[in-house]
Amino acid sequence: MTSTTSTTATTTPSGLRTLYLIRVVFSLIWVALVVTTSASLVSTDRPTVIAGVLLIVYPLWDAVATLLERRLAGAGSTNRVSTVNMGLGVAATAGMVIAVFSTIGTALLVFGLWALLSGAIQLVVAIRRRRTVGAQWPMVISGGQSVLAGATVAATSASATSSLSTVAGYSAFGAFWFLVSVIALSIRTRREMR
């Protein structure tokens with residue numbers, strides 16, 4: 001759900017739109033897989049192999065998407081914020097590899113902490129990028145939502161009613177905000193071409 005490259009003049013709205021669309025598709029496929037295979041797993045259950053793979057792939061994909069976005073933005077975008085977010089994604093992936101050998105509750109705790117921290121980074125990036133790229137209000141909302149959702153998932157991870165459907169909802173909202181971002185960037189580009 002995060003988007004984490006710094007502000008640069010070389011970031012192109014069309015490149016961001018394409019990457020955001022890829023992120024929408026990935027998230028929707030991920031949500032469909034979680035809902036159809038693992039949504040009923042609760043905090044005390046051990047993850048199935050499918051659930052484990054899905055939980056590991058999500059933060060790993062976010063780290064890869066951050067790297068793609070960083071490259072898309074050009075050499076001038078190499079900065080601490082995107083490096084921190086990629087490191088966070090890799091750390092969350094490693095944490096998830098360990099967590100999936102425990103319980104769903106442990107995996108939800110790792111996921112929640114990662115969502116909280118990556119959401120905070122997304123807020124910073126969107127605020128920095130709003131002047132050079134514009135149309136970043138969906139990413140600001142998404143980052144704030146990620147912080148709140150991450151805190152909630154982490155805080156309730158040990159609850160007997162916590163399940164993987166929670167993180168499926170998180171990812172679905174992320175897909176929605178990336179799609180809104182695509183639309184906002186498209187509108188801005190059309191206005192600038194007039």
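Biologist: How many salt bridges does the count come to?

Modeller: The count comes to 1 salt bridge, taking a side-chain nitrogen of Lys or Arg within 4 Å of a carboxyl oxygen of Asp or Glu. Before we go on: this is a predicted model, where local features need pLDDT of at least 70, side-chain atom pairs count only at pLDDT 80 or more, and totals for chains, interfaces and linings use all residues. Residues are numbered from 1 along each chain as its sequence is written, and side-chain values use heavy atoms, with hydrogens and water left out.

Biologist: OK, which residue forms a salt bridge with Arg23?

Modeller: Asp62 does, and the closest N and O atoms are 2.4 Å apart. Asp62 lies in helix α2 (residues 49-72) and Arg23 in helix α1 (residues 13-37), so the pair ties together parts that are 39 residues apart in sequence. Helices here are DSSP runs (H or I, at least four residues), numbered from the N terminus.

Biologist: And are Asp62 and Arg23 buried or exposed?

Modeller: Both Asp62 and Arg23 are buried. That means under 20% relative accessible area, against over 50% for exposed and partly exposed in between (1.4 Å probe, protein chains only).

Biologist: What does Ala63 touch, leaving aside neighbours within four places in sequence?

Modeller: Ala63 is in contact with Met86, Gly89 and Val90, contact being heavy atoms within 4.5 Å. Ala63 lies in helix α2 and is buried at 7% relative accessibility.

Biologist: Switching to rings. How many aromatic pairs are there?

Modeller: There are 11 aromatic pairs. The rule takes rings of Phe, Tyr and Trp (its six-membered ring) with centres within 6.5 Å; planes under 30 degrees apart are stacked, over 60 edge-to-face and the rest tilted. One of the pairs is Phe111 with Trp114, edge-to-face at 5.3 Å centre to centre and 75° between the planes.

Biologist: How far apart are Phe111 and Trp114 in helix α4?

Modeller: They are 3 residues apart in helix α4 (residues 104-129), so about one helical turn separates them. Phe111 is buried at 1% relative accessible area, and Trp114 is buried at 2%. Phe111 also pairs with Tyr170: the ring centres are 5.4 Å apart and the planes at 85°, so that pair is edge-to-face.

Biologist: Where does Tyr170 sit?

Modeller: Tyr170 is in helix α6 (residues 165-193), 59 residues from Phe111, and the pair links distant parts of the chain. Tyr170 is buried too, at 5% relative accessibility.

Biologist: Which residues do ring pairs link into a cluster?

Modeller: Phe26, Trp30, Tyr58, Trp61, Phe111, Trp114 and Tyr170.

Biologist: Now packing. How do the axes of α3 and α4 cross?

Modeller: The axes of helix α3 (residues 80-99) and α4 come within 9 Å and cross at roughly 170°. That makes the two roughly antiparallel, since the label is for angles over 145 degrees, with under 35 roughly parallel, 65 to 115 roughly perpendicular and the rest oblique. The axes are lines fitted to C-alpha atoms over the stretch in contact, with angles from 0 to 180 degrees between N-to-C directions.

Biologist: Which residues meet there?

Modeller: Among them are Leu88, Gly89 and Ala92 in α3, and Phe111, Trp114 and Leu117 in α4.
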